[in-house]
Amino acid sequence: MRLRKHRQCFPSCSSHHRVDEDEIYRRQKKRDGELEWPHDSTHVKSQLAQCFINAMVGPRSWTGLFTRSSNKRNEKHGDYSLSPLQEQRLLRLQARLQVPFDENRPDHQEALKALWRAAFPDVALQGLISEQWKEMGWQGSNPSTDFRGCGFISLENLLFFARTYPASFRRLLFKEDGKRATWEYPFAVAGINISFMLIKMLDLCSAKPRCLPGINFVRLLGEDEAAFDVLYCIAFEMVDAQWLAMHASYMQFNDVLQATRTQLERELSLEDTQRIHDLPAYNLLYQ
């Protein structure tokens, strides 16, 4: 979907400003005629997760999801240098991006089990392949199939969120805030898409970022090596806030993600941001 070049009125997630009224009208028209499905059906949740993946990126494909807006935040900047610490931390982060999820690796299996325990501490997991996973918003009974294209870092992001900001994590997992849609976004699959969005937005697959948000992010990374993981948590909160502000249903999730990206690019372009905790949207998080 192409970002609008004019009249972008997406709300700041640290406040409750209105979304552009034209956008609200268009999305409300899209929602006309939606059928109501039961909330407590595992089969329905699985179908929604699959439709959600197909609507956003096509089945098992992550390419071509995002388009860059033609503004200064996305102009290429190549002439800058990194401090030794910034370079070291950027290389370590980029190395994490290269690790695929391997369902046969014991440490990857344990990370997945840890995520389940964080989400459902009172419910015993029946196995790494189980229908239970659909309750967290995975497509099917084997979460490992959903990691294709984004890798182990997307699981690391979810686990960091659960451990560092458990109250926020559980509030979003169980959709505790606001008036929720009949067709809600699948939590886990949304998390993978957020990881992918941040990687693209920050231009992390280049030798060094060439866009202003990415350049400023590397500066924040120099102050805090967990900056990417914290930014992920912030982005997840922003996605949920945008979702509620837009009164979205799952077919509008890509619109929500684009709005979140636009807001993040704005906040990462602020010159007075010295630490990841200085981002205005950081206030959405709480432990």
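Contact here means heavy atoms within 4.5 Å, and with that cut-off the buried residues of helix 5 pack against helix 3, helix 4, helix 6, helix 7 and helix 9. Buried stands for under 20% relative accessible area, exposed for over 50%, and partly exposed for anything in between (1.4 Å probe, protein chains only). Helices (H or I, at least four residues) and strands (E, at least two) are DSSP runs, numbered from the N terminus.

This is a predicted model, in which local features need pLDDT of at least 70 and side-chain atom pairs count only at pLDDT 80 or more, while totals for chains, interfaces and linings use all residues. Residues are numbered from 1 along each chain as its sequence is written, and side-chain values use heavy atoms, with hydrogens and water left out.

**Confidence**

- The protein chain has a mean pLDDT (the predictor's confidence in each residue, from 0 to 100) of 81, and 72% of its residues reach 70 or more.
- Residues 1-41 stay under 50 in pLDDT, and the model gives them 64 contacts beyond four places in sequence.
- Residues 54-71 are also below 50, with 49 contacts in the model beyond near neighbours in sequence.

**Helix 5 and asparagine 157**

- Helix 5 has 13 residues and spans 18 Å from its first C-alpha to its last, close to the 18 Å expected at 1.5 Å a residue; the expected span is 1.5 Å times one less than the number of residues.
- Its buried residues are Phe152, Ile153, Ser154, Leu155, Asn157, Leu158, Leu159, Phe161 and Ala162.
- Asparagine 157 belongs to this helix (residues 152-164) and has a relative accessible area of 0%, so it is buried.
- The side chain of asparagine 157 makes a polar contact with the side chain of serine 195 at 2.7 Å; such a contact is a pair of N or O atoms within 3.5 Å where, within protein, one must be able to donate a hydrogen and the other to accept it, and residues adjacent in sequence count only if both atoms are side-chain atoms.
- Neighbours within four places in sequence aside, asparagine 157 is in contact with Arg96, Ser195, Phe228, Asp229 and Tyr232.

- Leucine 198 touches Phe228, Leu231, Tyr232, Ala235 and Leu264, not counting residues up to four places away in sequence.

**Salt bridges**

- There are 14 salt bridges in the structure, each a side-chain nitrogen of Lys or Arg within 4 Å of a carboxyl oxygen of Asp or Glu.
- Glutamate 237 pairs with arginine 171, with the closest N and O atoms 2.4 Å apart.
- Because glutamate 237 lies in helix 9 (residues 227-245) and arginine 171 in helix 6 (residues 166-173), this pair ties together parts that are 66 residues apart in sequence; glutamate 237 and arginine 171 are both buried.
- Aspartate 203 and arginine 210 meet in a salt bridge (3.2 Å, N to O); aspartate 203 counts as buried at 7% relative accessibility, whereas arginine 210 counts as partly exposed at 36%.
- Arginine 261 bridges to glutamate 265 at 3.1 Å between the closest N and O atoms, and these two are separated by about one helical turn because they are 4 residues apart in helix 10 (residues 253-268).
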